[in-house]
Amino acid sequence: MTSIVVLDFGSQFTRLITRRLRELRVYSVILPSSSSLAEIMAQQPAAVILSGGPKSVYDLDAPQLPQGLLESDLPILAICYGMQLIAQAFHGEVKAGTVREYGKSVLSNFSGTLFSGIAGDFVAWMSHGDSVKALPEGFKLTASTSDTPIAAMEDAKRKIYCIQFHPEVNHTPKGIHVLENFLLALGIAMDWTPEHIVESLSRDIKTQVGNERVLLGISGGVDSSTLGLLLNRAIGKQLFAVFVDHGLLRLNERDEVEKALTGLGVNLIVVDASKRFLSALEGVSDPEEKRKIIGREFIEVFYGEAAKLQEKQGEIKFLAQGTLYPDVIESAGGHGTANIKSHHNVGGLPKDLKFELLEPFRTLFKDEVREIASELGMPKHLRDRHPFPGPGLAIRCIGTVTKERLDVLRRVDDIFISALREFDLYSETAQALAVLTPIRSVGVMGDGRTYANTVALRAVSSQDYMTADWSRLPHEFLATVSNRIVNSIPEVNRVVYDITSKPPGTIEWE
Ligand code: XMP
């Protein structure tokens, strides 16, 4: 499979370069700029992209090009700081900037490989201090702006292309064409399709696993379910997928997930542990305490099941996890925008159970997981579900958690979520949920007075779940949902809609 190595010189946009390449169906990985040529070559790259970065090439600790990179004959796209490094390396002149040029500029006289076929105005996002003052030998000027006479240059013979602006950000609307032109000029195959991803991951899994067995925890969410389907495709009956039903799931959720996975052949063991979880949660109303109890019980049930399996089936060598690429970049100390806040409900492994980790999604972004979910046959409504917290409805039942309260909440949630789907509003929101509050209030129903629960509905729009805004759902829609809830659930007589953004609120109430 074709790959492109993005060398990270510290730009906050590095990760976006990889995102854009993946959108263009080319596989790419980020490596630190301190990587050796051997480490770069190990990725079998068809080309290298040098990212931007916050340093000046004149700083004492300015990061340098990897030794031997320019002699390797690998085609290069150099962005911002990368361009200045290239200019320096080929004896051009780099002017140290005293102020940073930051913001939108318009390119003039653009031409050459990267701009082929691009018509009209070209708005380019700039963020740099230094700039190239004199072209290095062999390079041709390919674009200017009013502030930066050398805004792009290329040496087509050596296949080195340089741009001062950032093609990867949305503020450069035609930037994606620049990246595409780079790929096209080099004849790079755009073969990172869901079909190929599945094929290539399956091959890697088979090689790593051999004849061994693999354990996987299914939470019902998209990542673990997709991983179940992928592992099933790759190693079939060597997979043991364990789905712990903690009794805190949504209406029919366990059945739906079970049907989808077993229907596609996954070797799934469903453990009904709801009684155990409920009794451990009895009388507990502190949210952090709830989380701790659920985490602890989960580990006990899951690894208890693993131990039983080991006894019956022999050794299980691997534990599969749905770690995604953003987690990998993050933990490697990479840069870029924040990803989904992860609340780890599952602590460390018990000492007497030793597994090797299998993390087939380490190279994937979340939306790529969704794409391969379809490829693997997951029904669309499961694939496109909103995130759902590990501790489930326990943190949406404010106060104590009982089977009766959970049942009320499950019905409310189902009415709300089904209506969002019915009115085509589900995919307009990033997450929607219902909360059962401990408030009871007076109402009238027919001729009688009621004294029943208040539920809150919440729907938010969000990119990364770190910040969120409340969804402006149509009033008519909210009215319909409110009527349906109060008319069909006698335990509820009041519905409120949460109009708090995050911050200061959080998405969940607990
Ligand atoms: P908050 O409430 O912090 O939620 O704004 C941000 C995102 O994280 C989810 N969330 C959790 N996920 N375990 C999880 O697996 C948890 O304890 C937990 N708490 C919040 C929340 O649903 C939202 O998507």
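Select strand β12 (residues 214–218) and strand β13 (residues 239–245): the two run parallel and are joined by five bridges. Helices (H or I, at least four residues) and strands (E, at least two) are DSSP runs, numbered from the N terminus. The model is predicted, so local features need pLDDT of at least 70 and side-chain atom pairs pLDDT 80 or more, whereas totals for chains, interfaces and linings use all residues. Residues are numbered from 1 along each chain as its sequence is written, and side-chain values use heavy atoms, leaving out hydrogens and water.

Within this pair, select leucine 216, which stands opposite alanine 241 in β13.

Next, display the whole sheet. It is open, with five strands in the order β14-β13-β12-β15-β16 and parallel pairing; two strands pair if DSSP finds at least two bridges between them. At the edges stand β14 (268–272) and β16 (356–358), each with a single partner strand, so one side of each has no neighbour in the sheet. On average, neighbouring strands here are turned by 30° against each other, direction ignored.

Axes are lines fitted to C-alpha atoms, for helices over the stretch in contact, and angles run from 0 to 180 degrees between N-to-C directions.

Select helix α8 (residues 274–281) together with α9 (residues 287–313): they pack at an angle of about 145°, with axes 10 Å apart. In α8, Arg276, Phe277, Ala280 and Leu281 are in contact with residues of α9, including Lys290, Ile293 and Phe298; contact means heavy atoms within 4.5 Å. The residues of this contact comprise seven nonpolar, no polar and four charged. Here Ala, Val, Leu, Ile, Met, Phe, Trp, Tyr, Cys and Pro count as nonpolar, Asp, Glu, Lys and Arg as charged, and the others, Gly among them, as polar.

Then move to arginine 472, in the loop between β19 (469–470) and α14 (475–488). Is arginine 472 buried or exposed? Arginine 472 is exposed, with a relative accessible area of 56%; buried means under 20%, exposed over 50%, and partly exposed in between (1.4 Å probe, protein chains only). The side chains of arginine 472 and aspartate 469 are joined by a polar contact of 3.2 Å. This term denotes a pair of N or O atoms within 3.5 Å; within protein, one must be able to donate a hydrogen and the other to accept it, and residues adjacent in sequence count only if both atoms are side-chain atoms.
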